[in-house]
Amino acid sequence: MEAPQYVAARIQQALAEDTRTHELGIHVDVRGDQLFLRGQVSGSEQRERLGQVAHEAAPGLRMHNEIKVVVVSEPGEDEHLD
């Protein structure tokens, strides 16, 4: 059986190298047969793609996709400092 830290490293490598994701900022945690994905992305499609790639890299684990989707908006007015 592969050690959890090696499984997590393999999944993180897949998330970084897969052409669908290219994501470096997702935290991967493996505990027993549970896989946890945590972090933030700017769209629900990216969140789903990350879950799919992680599942493909470790299909035997039960995945908990806890990645949050944040809203990115245009900046407000300029701040003037006197």
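A salt bridge here is a side-chain nitrogen of Lys or Arg within 4 Å of a carboxyl oxygen of Asp or Glu. Keep that in mind for D29 and R38: they form one, with the closest N and O atoms 3.9 Å apart.

Some ground rules. This is a predicted model, where local features need pLDDT of at least 70, side-chain atom pairs count only at pLDDT 80 or more, and totals for chains, interfaces and linings use all residues. Residues are numbered from 1 along each chain as its sequence is written, and side-chain values use heavy atoms, with hydrogens and water left out.

Back to the charges. The structure holds seven salt bridges. Side chains of opposite charge can pair when their charged atoms come close. R38 has another partner, E66, and there the closest N and O atoms are 2.8 Å apart. That pair links distant parts of the chain: E66 is in strand β3 (residues 62-69), R38 is in strand β2, and 28 residues separate them. Strands are DSSP runs of E, at least two residues; helices are runs of H or I, at least four; both are numbered from the N terminus.

How exposed are these residues? Buried means under 20% relative accessible area, exposed means over 50%, and partly exposed lies in between, using a 1.4 Å probe and protein chains only. D29 is buried, at 17%. R38 is partly exposed, at 28%. E66 is partly exposed too, at 35%.

R31 does something else. Its charged end sits over the ring of F36, 5.8 Å from the ring centre. The cut-off for that is NZ of Lys or CZ of Arg within 6 Å of the ring centre and within 35 degrees of the ring normal.

Now the strands. β1 and β2 run antiparallel, joined by five bridges. Two strands pair if DSSP finds at least two bridges between them. D29 has F36 as its bridge partner in β2. The two strands form a hairpin with two residues between them, and G32 in the turn has a positive phi of about 65°.

Next, the inside. Which residues have the most contacts in the largest nonpolar core? They are I11, L15, V28, V30, L35 and L37, in a core of 17 residues. Four elements each supply at least two of its residues: α1 (4-17), β1 (27-31), β2 (34-41) and α2 (44-57). By nonpolar core I mean buried Ala, Val, Leu, Ile, Met, Phe, Trp, Tyr and Cys residues joined through side-chain atoms within 4.5 Å.

Take L15. Leaving aside neighbours within four places in sequence, its contacts include I26, V28, L37, L50 and V53. Contact means heavy atoms within 4.5 Å.

V53 is in helix α2. At 2% relative accessibility, V53 counts as buried. Beyond four places in sequence, V53 is in contact with A14, L15, D18, R20 and T21. V53 and R20 are 33 residues apart along the chain, yet their C-alpha atoms are separated by 8.0 Å.

D18 and R20 also meet each other, in a salt bridge of 2.9 Å, N to O. D18 counts as buried at 19%. R20 counts as partly exposed at 30%.

Last one: Q46, also found in helix α2. Q46 is buried, at 13%. Not counting residues up to four places away, Q46 touches R20, T21, E23 and V41.
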